[in-house]
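Here is a short report on one protein chain. Look over the model first, then read on.

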Amino acid sequence: MASPVSSVLLDVREVTRRFGGLTAVKHLNLQVAAGTLYGLIGPNGAGKTTVFNLLTGVYAPSEGDIWFDGRRMHGQRPWQIATHGIARTFQNIRLFADMTVLENVMTAQHLRTSQMIGDAIIGSRRHHREERETRDRARHLLAIFGLEALADEPATSLPYGSQRRLEIARALATSPKLLLLDEPAAGMNPQESVALMDTIRWIRDEFSLTILLVEHNMKVVMGICETIHVIDHGESIATGSPADIQANPRVIEAYLGVG
Amino acid sequence: MPIGRKLLTIAIVLAALAAMNQIIEYGVGDFRINPYYARIISLVGINITLAVSLNLINGLAGQFSIGHAGFMAVGGYAATYLTVYHGAAIAATVGGTPMQGVGSLVVMTASLVTGAVAAGLAGLVVGIPSLRLKGDYLAIVTLGFGEIIRVIILNIPAVGGATGFTAALPITNIFWIYAVAVLTIVIVRNITQSTFGRALGAIRSDEIAAEAMGVATTRYKVLAFVISAALAGVAGGLWGQLFANPLNPQNLNFVKSIEVIVMIVLGGIGSITGAVLGATTLTILPEALRTFDQQFPGLRMVLYALLLILLMIFRPDGIMGRRELSLAWFRRRGGGPGQPGTRVAPLATAGTATRSTRDEGDG
């Protein structure tokens, strides 16, 4: 069985997730076409982070199915989902705190290395070559994000904005097809947000990615997303272009309340 | 390192170990080392193996195991059992005896490999269920495991039960002890500088983020645990055959496990150099303090405890912290330049700079 529409990279079908009596996500349907910049928005408590956790395998859906790149993701562990090409950043930055900036990115290349423990233990030539390649690629990614000068600093010593960029660099190091960004603009000033928009767009083009974004900052979402999906109380209330969403009365109602 | 240089290094290390063995075990000319000191040097080597191997799981992977003495017991009894009951037959295949020359080489190798395999399997059995969980479960399970092993051994007559394994042959020597210690250090060091080592570091740092980056956390934790247990088993095999009757279930109880943990905490958890220093210090210190016991019996352990407390107050991260003694300390640090022609993302570099200056201004 394959996903019915081939250009759809991520296909969420009728997914429901309950926590005891609380239904955090109700009959969610999401179709993200390959190569798009897709925004997922909603008021506080709408279930956005739960959707992220469902997509990355932290939670399993109570009902419904998630398809990614023609594969059914049901019951897969987070590391298996990463193997299939979904990478993420976290709302509350989760860098590897006691590693350097470079090591953070090298660690994320885990899936790209042969992981031959025997080679590592005897220190074979293949192991040393692979280590060198991993290091070079990590430096390359750091250079792209302007962090190469900080490569040997402890990751948590970086300023906030740089930590956010490092998290994106680390996610890209897994060579994903789909990048999930959980509130990338959180805590950024307007200037930084504008630069972030350029960065996200640039990453999408440069790495030929599909990007799914959860964000509170409307300027960012409306500015870069091609398709926006709005959820409220775990239910979809609208899907469409930024202009459609801005004019949608249900969205306005969800955000501003009625009367 | 090219193969030729690697073999040369190994040959030099083996020659040095053989020379060290000759000097300490047999002496040179008229010089004989005090047997008491020789014993302490032996124990230092075994404790280095124990501490460095425990550091792999407790320090690197950040999983708190307190059952190292249990794995040491499994390996020690398995290795010694092989030597006692099959040693003569194994040595006979190369036309020797377990106590001398090529015969002892073959018997010792077979016995230590048996110890490693037995302890590694025990590690697998304990690790698979308990490492699936996060948190303190491993500590509880390994604590229980150590006690179970002790009680099982007490009830096996073939290995001496409560009286200890009195049939053990003292075939361990300085050469074997330090060859194993060097091998353990090399294995653990090579692991730290690999994909596997970084995956363990990621698990220690943040398991959720590690999984999101594709690290199969349970698999890696179990693998590290099994390697750590197997190395403890080899240390047990050395200890079990060090002198005539060392293997007694009471010697390999919970207290021994705690002793090894104190070694790595003292040295700096996560640091290999620290584990070596901690093992050396904590083996020599109680012996060095014996002189105080002559005037005030019991004062030795009071001083020992006091020294540990002082160290933890003034160096809470241990002697080394997370650092390692390495040649890199003497080389220039710093990131190399990015490759020329790297396409760079449009960044908020200006914004970040503004931000940090502003923060300083406000602060």
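The report below covers overall build, domains, packing and surface.

## Overall build

This is a predicted model. Chain A holds 10 helices and 10 strands.

How does the radius of gyration of chain A agree with that of a compact globule? A compact globule of 259 residues would have a value near 18 Å, and chain A has 19 Å, so the two agree. Along the principal axes, the C-alpha atoms of chain A fill a box of roughly 65 × 45 × 35 Å.

## Domains

Chain A is divided into two parts. Domain 1 takes in 1-85 + 176-259. Domain 2 covers 94-175.

The centres of domain 1 and domain 2 of chain A, taken over C-alpha atoms, are separated by 27 Å. To the contact, domain 1 of chain A gives 19 residues, and domain 2 of chain A gives 12 residues.

## Packing

Of the 259 residues in chain A, 56% are buried. Here buried means under 20% relative accessible area.

## Surface and charge

Chain A has an accessible surface of about 10600 Å². Carbon and sulfur atoms account for 51% of that surface.

The side chains of chain A include 26 positive and 28 negative ones. The centres of these two sets lie 4 Å apart.

Notes
Residues are numbered from 1 along each chain as its sequence is written. Chains are lettered from A and ligands numbered from 1 in the order in which they are written. This is a predicted model: local features need pLDDT of at least 70, side-chain atom pairs count only at pLDDT 80 or more; totals for chains, interfaces and linings use all residues. Side-chain values use heavy atoms; hydrogens and water are left out. Helices (H or I, at least four residues) and strands (E, at least two) are DSSP runs, numbered from the N terminus. The radius of gyration is taken over C-alpha atoms; the globule rule is 2.2 Å times the number of residues to the power 0.38. Buried means under 20% relative accessible area, exposed over 50%, partly exposed in between (1.4 Å probe, protein chains only). Accessible areas come from the Shrake-Rupley method with a 1.4 Å probe; for residues, only the protein chains shown count as cover. Lys and Arg count as positive and Asp and Glu as negative; His and the chain ends are not counted. The place of a charge is taken as NZ of Lys, CZ of Arg, CG of Asp or CD of Glu. Domain bounds come from an automatic or database domain assignment. Contact means heavy atoms within 4.5 Å.
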